Amino acid sequence: MARIHSLGFPRIGRKRELKFQLESYWTGDSSRTELLATAHTLREQNWQHQSGCDLIPVGDFSLYDHVLDTSALLGNLPERVDTNNDDLDNYFRIARGRAQNGDCQCVHAGEMTKWFDTNYHYIVPEVTADTAFSLNPDSLLAQVREAQQVNGPSHSVKPVVLGPVTYLWLSKAKDGSDRLALLERLLPVYTELLAALAAEGVEWVQIDEPILVTELDSAWRLAFEQAYHHLKVAPVKLLLTTYFGELQDNLQLACQLPVAGLHLDAISAPDEVAKLVDWLPIHKVLSLGVISGRNIWKTDLTRTLDWLEPIAAKLGERLWLAPSCSLLHVPVDLSLEATLDAEVREWLSFAAQKLQELQVLKSALNHGRDSVTEELRDNQRAIISRQQSTRVYNPAVKAAVDGITAELGQRQSEYTERAAKQRAVLQLPDYPTTTIGSFPQTTEIRQARLAYKQGTLSESDYQSHMKAEIQRAVEEQEALGLDVLVHGEAERNDMVEYFGEQLEGYVFSRFGWVQSYGSRCVKPPILFGDIHRPNAMTVEWSKFAQSLTDKPMKGMLTGPVTILNWSFVRDDQPRKATCLQLALAIRDEVLDLEQAGIQVIQIDEAALREGLPLRRSQWQSYLDWAVHSFKVCANGVQDETQIHTHMCYSEFNDIMPAIADMDADVITIETSRSDMELLDAFDEFEYPNEIGPGVYDIHSPNIPSQEQIVSLMKKAEQRIPRERLWVNPDCGLKTRQWEEVIPALKNMVEAAYSLRDQV
Ligand code: GLN
Ligand code: ZN
């Protein structure tokens, strides 16, 4: 009999209850008791959703981040928290930092970074050579008891803990010491933890070691042997859990470790299933993640059963089924989506629905497909409806993608030739000044957009409201003396959603929120079909903005790779194919803008880097199609049209050839926080085109002085010749106030004047 289990459930709540409760707790508007009560209710609801599982996870819930929870569990919160304070205070101090105010001590937050290749961010554990660990199990044990009480004796409660090797791998050694050297000190704490869990009656513990899907050197592989030989004496059964990719050269290692079971993400690693079935020692459980925890599509249950049945026959009791990874990365409950396009809704499955799919699989395997005839039939109907829908397949789009040639991504002339022509047309001074696109999104702007969306503001009133905002932005920029202007993006809610809403092939959920970090959630649009641009999307706004000024007005678009990486995308074709469709749609927009007289066009690729695969060996193939997509999108223009791209991150070293290959005339990047050192990568690579290294951090309310900006630009000049430098902020200004933007840009423009004077 196959068993089913869940690796973890979203914590944020169906309607983001945790978010709102946290935020009101932080501002002091609600009490700790209320916060803990909400957390309790959410855990209860989550267990309710998972009640069809044979093993129920506990410890997957978190008030902020499960990696930070692990640091707290292991007694490894940074020393800067005041140990006299209580645990919850300390926890939030590291999560969010505490500003200096009055007599209260200032504590800076832990660093945050992306959780593998997801859009979830965790708080990086901090260690030094002196780090000592000590078990702090009260919170987890309390949740175990709570789970046992809520779920009753018919369910086994399965604690979820982050494994010791992955924990160290995710940590950062503040003193540059070897973090792996801490393993010996860490393992006894894990042993103690497992014993404490066993004392609560726990049989199975899910121990997450997702780094097994990455490239590990011999020291880290050895660490796995050492760790699990140490832990094998623990009086619980360990389910070694991997997800997000293939095990590849770690497969044998994973099979051999002395644990009671292994979980494989069978969605990312379908080809490894057969190997595990053959190689896994016969006393071990094999847990297969057969339902994607990373996307929102219904699983084809019949097809899944076709390949699972022989495996189930072979493994019997040893087969467990689960989602591929924690369901943290998908929205909670599709049943809330009453207004979603009915046809597309049929094809979708959020966390709660994915667990129902799992139950159907279990029933079919254990009691025959007849036991779930209706469920399988409904599922099959939805799968076929999606496969055959004319809304998914548009032959014209397919033909257009098939027709893409290498030349389509090639500019007419080399950069130097283009630059000369652009100089003649644009007549820009040295150190041209510009901004990255958005201006402050004031309350009035947000209200007008909302009212328009809800139908309480008429189309024409909305138009005039937005035009007034554009006019204001243009006037401010002219008064400041900027050289290349922007329209300010008042009409855009979000840089991906705005385009998605105007493209065919997209739908939008109402409650499809996914945790990004702490209380912050994102609602990725759902790309379900071939992408087609029925109408121009930005041309009228840009034309209007250009009509207000003699200065060049920069057209503003989001690039195909960023749209792809920030959406839920199709699983029925490679990402590359979807990206090229997006590229063609945005290319049409680029050409329409050019046609309308826009001479400078910026195509943002803020998310290009974050699409990099987990394994370096796969980077090149991703970069090849990502860069090709960008070029197809951008490079159809005349030499005189200047293409900008913008990327707001600060790591380029390892992807320099790809960045150069994009061949944008101008790239604007985030540099102010790295003191221009980031430009070393461009310098060493002899990056040939123009660069706008951000001269101030738009995330901070601080106003940069003219001197600061000049001094940063001087540093830039040591690396990049002045003829190829632009002066601009790090990123868009939408989160700032006009009162901050005006003086900052004033100093920036004056800095450019003074640089021009210093020949
Ligand atoms: N053009 C966008 C803006 O200014 C860019 C945002 C981004 O890079 N994240 O808001
Ligand atoms: Zn940016």
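## Sheets, helix packing and cavities in a predicted model

Strand β19 (residues 642-647) pairs with strand β20 (residues 666-669) in the parallel sense, over 4 bridges. Here two strands pair if DSSP finds at least two bridges between them; helices (H or I, at least four residues) and strands (E, at least two) are DSSP runs numbered from the N terminus. The model is predicted, with local features needing pLDDT of at least 70, side-chain atom pairs counting only at pLDDT 80 or more, and totals for chains, interfaces and linings using all residues. Residues are numbered from 1 along each chain as its sequence is written, chains are lettered from A and ligands numbered from 1 in the order in which they are written, and side-chain values use heavy atoms, with hydrogens and water left out.

**Sheets and strand pairs**

Histidine 646 stands opposite threonine 668 in β20. Strands β19 and β20 belong to an open sheet of 5 strands, ordered β17-β18-β19-β20-β21 with parallel pairing. At its edges stand β17 (554-558) and β21 (690-693), each with a single partner strand, so one side of each has no neighbour in the sheet. Neighbouring strands of this sheet are turned by 20° against each other on average, direction ignored. Axes are lines fitted to C-alpha atoms, for helices over the stretch in contact, and angles run from 0 to 180 degrees between N-to-C directions.

Another open sheet has 8 strands in the order β1-β12-β11-β10-β9-β8-β6-β2, and its pairing is parallel. Its edge strands are β1 (3-4) and β2 (55-58), each with a single partner strand, so one side of each is left without a neighbour in the sheet. In β12, leucine 321 is the bridge partner of isoleucine 4. Helix α11 (residues 301-315) lies across β11 (285-291) and β12, and runs at about 170° to β11.

Strands β14 and β15 form a hairpin with 2 residues between them, and glycine 518 in the turn has a positive phi of about 50°. In this pair, valine 514 stands opposite valine 522 in β15.

| Strand pair | Sense | Bridges |
|---|---|---|
| β19 (residues 642-647) and β20 (residues 666-669) | parallel | 4 bridges |
| β1 and β12 (residues 319-323) | parallel | 2 bridges |
| β14 (residues 514-517) and β15 (residues 520-522) | antiparallel | 3 bridges |

**Helix packing**

Helix α1 (residues 17-26) packs on helix α4 (residues 87-96) at an angle of about 100°, with the axes 13 Å apart. The two helices are therefore roughly perpendicular to each other, a term for angles of 65 to 115 degrees. Leu22, Tyr25 and Trp26 of α1 make the contact with Leu88, Asp89, Phe92 and Arg96 of α4, where contact means heavy atoms within 4.5 Å. By class, this contact has 5 nonpolar, no polar and 2 charged residues. Ala, Val, Leu, Ile, Met, Phe, Trp, Tyr, Cys and Pro count as nonpolar, Asp, Glu, Lys and Arg as charged, and the others, Gly among them, as polar.

**Cavities**

The structure holds 6 cavities of 30 Å³ or more. A cavity is a set of points, on a 1 Å grid over the protein atoms alone, where a 1.4 Å probe fits but cannot get out; lining residues have an atom within 4 Å of a point. The largest cavity contains about 60 Å³ of space. Its lining consists of Phe439, Pro440, Ile445, Glu469, Ile470, Ala473, His487, Gly488, Ala490 and Trp738. Helix α18 (residues 459-480) gives the most to this lining, with 3 residues.

Definitions and conventions. 1 Å grid on protein atoms, 1.4 Å probe; cavity = no way out; pocket = protein on both sides within 12 Å on 5 of 7 lines; lining within 4 Å. Points joined across faces, edges and corners; volume = space filled by probe spheres on them. Parallel < 35°, antiparallel > 145°, perpendicular 65-115°, else oblique.
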